[in-house]
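This report goes through a few surface features of one protein model. Please look over the sequence and the structure first.

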Amino acid sequence: MYIHVIFTCHNRAEKTKNCVLSLIEGNPSVDLHFIAVNDGSTDETGRCLSEIDGTYHCVTELKGDGTLYYSKGMHKGMQWLNASQDKSDYVLLINDDVEFAPHAVEKLIDESIRKNNAVIVGATHDDDGNFTYGGVRYKKGTIDYSMMSCGQSDELCNTFNANCVLIPWCCYASVEPMDNRYAHAAGDFDYGFSLSRAGAPIYTSSFYVGRCNRNSTQGTWSDKSLPRLERLRKKESPKGLPLGSWLHFLHKNFGMKQVILHGFTPYVKILLGL
């Protein structure tokens, strides 16, 4: 199997190196080619990627200036792949902070084949073995959602956290790259919805692909201990949830009714200290 692996990285060289090497060395039957969008890293990330490519000849490094963040970085990587016309069997979207277990990708391929070339979202766990990220299912007609763990691997998802997502090429080619209207947050959820609308079945894996702790809310716009003005400032920053991005997400995936009902809900939560 030939797979393109797309990820964005910034200033966590050791994690990036460990992630890439764990995938290469842990899945010997799979031919992996990495499209690494290095978004302006000032540490050793570039050197690590070059060293891996020098050994395994499987890394394409794309450069950013530090303003791409997650979603725009993934958009850039997908655009490059599409322009290259280098078709593969699957595309794997990852976060480079996942510590992958041996044979994770090989097992994801097996599950995808068993489920008639479905999209398989790799479930992850934290340091204590508790579920952290995976597929996502929304309650019909609302913006309320629940996370889908390994025990729900036979239930269809609407979208996903893209910490690890294996996408058959036929599904990947049916939609546009991740929407670059998002800087950081919501890009993966939006992309999953695009796949669903195109008819791609999405399931969470029946096993954990590796370890990935949940991102802390401390110091973010969701941190209730921060002053309201500070939370508002962080919300409107590229790594928060700017109003334009949030309204675009609601309108594109839920329609105008939800824009009216929930467009300003984040601000109400901040004002109420929720």
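## Asparagine 215

Asparagine 215 has a relative accessibility of 61% and therefore counts as exposed, since the cut-off for that class is over 50%. The model is a predicted one, and this value is computed from it. In the chain, asparagine 215 sits in the loop that runs between strand E11 (202-211) and H7.

Tryptophan 80 gives a sense of distance: 135 residues of sequence separate asparagine 215 from tryptophan 80, and their C-alpha atoms are 28 Å apart in space.

## The largest pocket

Asparagine 215 also belongs to the lining of the largest pocket, where His184, Ala185, Ala186, Asn215 and Lys239 are the residues that lie nearest the centre. The lining has 50 residues. Two or more of the lining residues come from each of these elements: strands E1 (2-9) and E8 (145-148), and helices H3 (69-84), H6 (187-197), H7 (228-235), H8 (243-254) and H10 (265-272).

The space in the largest pocket comes to about 2,000 Å³. By residue class, its lining holds 21 nonpolar, 19 polar and 10 charged residues.

## A nonpolar surface patch

Helix H10, one of the elements that line the pocket, also holds leucine 272. Leucine 272 has a relative accessible area of 57%; this is over 50%, so leucine 272 is classed as exposed.

Leucine 272 is part of a nonpolar patch on the surface, together with Val268, Leu271 and Leu274. The accessible area of these four residues together is about 410 Å².

Methods: Residues numbered from 1 in each chain as written. Predicted model: local features only at pLDDT ≥ 70, side-chain atom pairs only at ≥ 80, totals over all residues. Heavy atoms only, no water. 1 Å grid on protein atoms, 1.4 Å probe; cavity = no way out; pocket = protein on both sides within 12 Å on 5 of 7 lines; lining within 4 Å. Points joined across faces, edges and corners; volume = space filled by probe spheres on them. Helix = DSSP H or I, 4+ residues; strand = E, 2+ residues; numbered from the N terminus. Nonpolar A, V, L, I, M, F, W, Y, C, P; charged D, E, K, R; others polar. Buried < 20%, exposed > 50% of the residue type's maximum accessible area, 1.4 Å probe, protein only. Patch = residues over 30% accessible without salt bridge, like charges linked within 9 Å, V, L, I, M, F, W, Y side chains within 5 Å. Areas by Shrake-Rupley, 256 points an atom, 1.4 Å probe, with all protein chains shown as cover. Salt bridge = Lys/Arg side-chain N within 4 Å of Asp/Glu carboxyl O.
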